Amino acid sequence: MSLTAALDTATAGISVASSQTAVLSRNVANQSTEGASRKLANVVTINGLPSVVSITRVTNAAALKSLLTANADDSRDGAISDALTQLQSTVGATSTDDTTSPTALISALSDDLSTYAASPESTAAASAAVQAASDLAGALNSASDVVQQVRADADAAIADSVLTINDLLAQFQTVNETIVKGTVTGADVTDALDKRDAILQSLSAEIGISTVTRSNNDMAIYTDSGVTLFDKAARSVTFEAKNAFAASTQGNAVYVDGVPVTASGASYEIKSGRLAGLVEVRDDLAVTYQDQLDEIARGLITAFQETDQSASGTGSAQAGLFTDSGSLVVPTSGTVSEGLAARISLASSVIATPTLLRDGGISSNGAAPYVYNPSPGESGYTDRLDGLVDSLGSKMTFDTSAGAGTSISLIDYAAASASWLGVKSQSASSTAAYSATVKSTAATALSNATGVNLDTELSKMLALEQSYAASAKLVSTVDQMFSDLLNAI
């Protein structure tokens with residue numbers, strides 16, 4: 001080998017070692033940066049000399065795909081669990097010693113009615129029974145308010161999620177264009193690729209996605225239901241939020257490029273991501289629980305309705321102790337009356353005269369033909385009170401769509417509703433915990449496969465130092481030989 005060739009080899013070795021050291025230092029600097037992948041300096045031999053021709057990164061498409069899926073599931077399950085925890089506050093524990101649940105309050109009303117029946121002359125017992133009824137109606141009003149607030153919060157969160165999705169897609173478009181152009185020109189796009197992956201992770205938390213990578217590192221994004229979110233350009237994601245929610249309020253769908261992806265029964269309904277969880281809360285879980293509360297309210301109006309006690313008995317049944325905002329109309333049996341739990345109230349007449357609970361005639365303010373007591377004002381009369389207690393424990397028909405039973409007593413229905421909510425909440429909490437574990441495991445697997453290991457990088461640093469020192473020594477030796485040769489001449 002000539003001295004010139006030796007010098008070329010040595011300087012090439014120094015250049016390669018320097019480039020590799022720069023990449024290694026970049027890895028070490030990003031060791032604690034979330035989402036940063038390990039970079040590699042690719043060395044090839046050109047005309048007999050080593051040269052760094054490109055910088056690439058370590059990737060694992062399968063691990064990234066698993067993380068995106070786990071991320072979407074975790075966000076969906078977390079949103080559902082959080083909302084059900086809020087709904088659970090309307091019942092607390094399901095045992096009858098919990099004074100906040102409809103179950104307990106119905107039982108308390110039944111007990112107070114029995115107490116009143118045992119002392120029908122007691123005005124204090126009458127007032128206590130009316131107060132128990134008022135507490136029950138108030139609890140149903142409050143529970144309904146909580147349900148609709150949960151729906152309203154979910155709707156607002158859907159709007160926030162849509163804004164986030166659009167922002168992330170705009171960021172993705174910018175980064176994707178940089179990557180494609182850089183790939184075409186041979187520029188180092190590894191940091192941009194890391195940034196794009198980070199955007200995908202954030203996007204998957206909002207909506208379930210799948211991706212396809214094409215030539216020049218170009219990428220397309222689709223929802224988990226197959227609707228295009230990005231293909232050369234970001235698609236528009238739109239949603240119109242509601243200002244307020246009542247039981248009859250229907251939430252709007254989310255559209256991707258004009259295609260509904262959240263409407264019930266939609267051909268391209270998404271299945272994962274925070275967006276999917278929020279929609280399930282707003283349009284399914286909270287609605288079902290509201291139906292159950294409305295059925296409890298309807299059951300109360302039915303159980304306490306008054307019928308014509310005259311000899312002819314031609315009058316229709318009318319609301320008694322409990323009413324629909326003061327209306328005397330008794331709701332249709334076995335059919336949910338939307339929002340009734342929010343409207344149920346006590347008849348003003350029984351609030352003013354609690355003994356009407358014993359005598360009847362609440363709907364007619366003590367006037368015939370709805371008075372049960374054959375001697376109005378007779379303090380020893382108990383038949384009406386005993387009948388009301390029996391009504392609370394007797395089977396009645398409930399709407400099957402509400403999902404808490406069909407032909408059971410009102411007390412049992414309220415307990416079934418609380419049980420339904422408790423099971424849903426517990427199941428959602430367990431599912432959310434599992435999803436969080438899966439996400440953590442997937443993130444760790446991706447980090448282990450593509451992330452920076454400090455020990456490995458430092459070990460490589462020692463090898464590069466030795467290589468650099470050897471090349472530098474060769475340069476020094478060649479320089480000395482050139483010097484000796486010139487001196488000899």
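A cavity, on a 1 Å grid over the protein atoms alone, is a set of points where a 1.4 Å probe fits but cannot get out. Its volume is the space filled by probe spheres set on the points, with grid points joined across faces, edges and corners. The structure on screen is a predicted model, in which local features need pLDDT of at least 70 and side-chain atom pairs count only at pLDDT 80 or more, while totals for chains, interfaces and linings use all residues. Residues are numbered from 1 along each chain as its sequence is written, and side-chain values use heavy atoms, with hydrogens and water left out.

**First stop: the cavity**

A search of the whole structure finds one cavity of 30 Å³ or more. About 30 Å³ of space lies in the largest cavity. Select V91, P102, T103, Y289, L293, I296, A414, S417 and A418, which line this cavity; a lining residue has an atom within 4 Å of a point. The elements that give two or more residues to this lining are α3 (102-118), α6 (274-303) and α11 (410-450). Helices (H or I, at least four residues) and strands (E, at least two) are DSSP runs, numbered from the N terminus. The lining of the largest cavity has seven nonpolar, two polar and no charged residues. Here Ala, Val, Leu, Ile, Met, Phe, Trp, Tyr, Cys and Pro count as nonpolar, Asp, Glu, Lys and Arg as charged, and the others, Gly among them, as polar.

**Second stop: S417**

Next, select S417 in helix α11. Is S417 buried or exposed? S417 is buried, because its relative accessible area is 2%, and buried means under 20% relative accessible area (1.4 Å probe, protein chains only). Now display Y289, Q292, I296 and A404, which S417 touches when residues up to four places away in sequence are not counted. Such a contact means heavy atoms within 4.5 Å.

Select strand β4 (residues 219-223), where four of the five residues are buried. Strand β3 (residues 209-213) pairs with β4 in the antiparallel sense over five bridges; two strands pair if DSSP finds at least two bridges between them. Across this pairing, S210 stands opposite Y222 in β4. The hairpin of β3 and β4 has five residues between the strands, and N216 there takes a positive phi near 60°.

On strand β5 (residues 228-231), two bridges form an antiparallel link to β4. Select I221 and then F230, its bridge partner in β5. The hairpin of β4 and β5 has four residues between the strands, and G226 in the turn has a positive phi of about 100°.

**Fourth stop: the pockets**

A pocket is an open set of points with protein on both sides within 12 Å along at least five of seven lines. The largest pocket has a volume of about 940 Å³. Among its 39 lining residues, select N60, L64, D197, Q201 and L446, which lie nearest its centre. The elements that give two or more residues to its lining are α2 (61-88), α5 (190-206), β3 and α11. The largest share, seven residues, comes from α2. By class, this lining has twelve nonpolar, 19 polar and eight charged residues.

The second largest pocket has a volume of about 320 Å³. Select T262, E269, V279, E280 and D283, the closest to its centre of the 18 residues that line it. Helix α6 gives the most to this lining, with six residues.

Conventions. Buried < 20%, exposed > 50% of the residue type's maximum accessible area, 1.4 Å probe, protein only.
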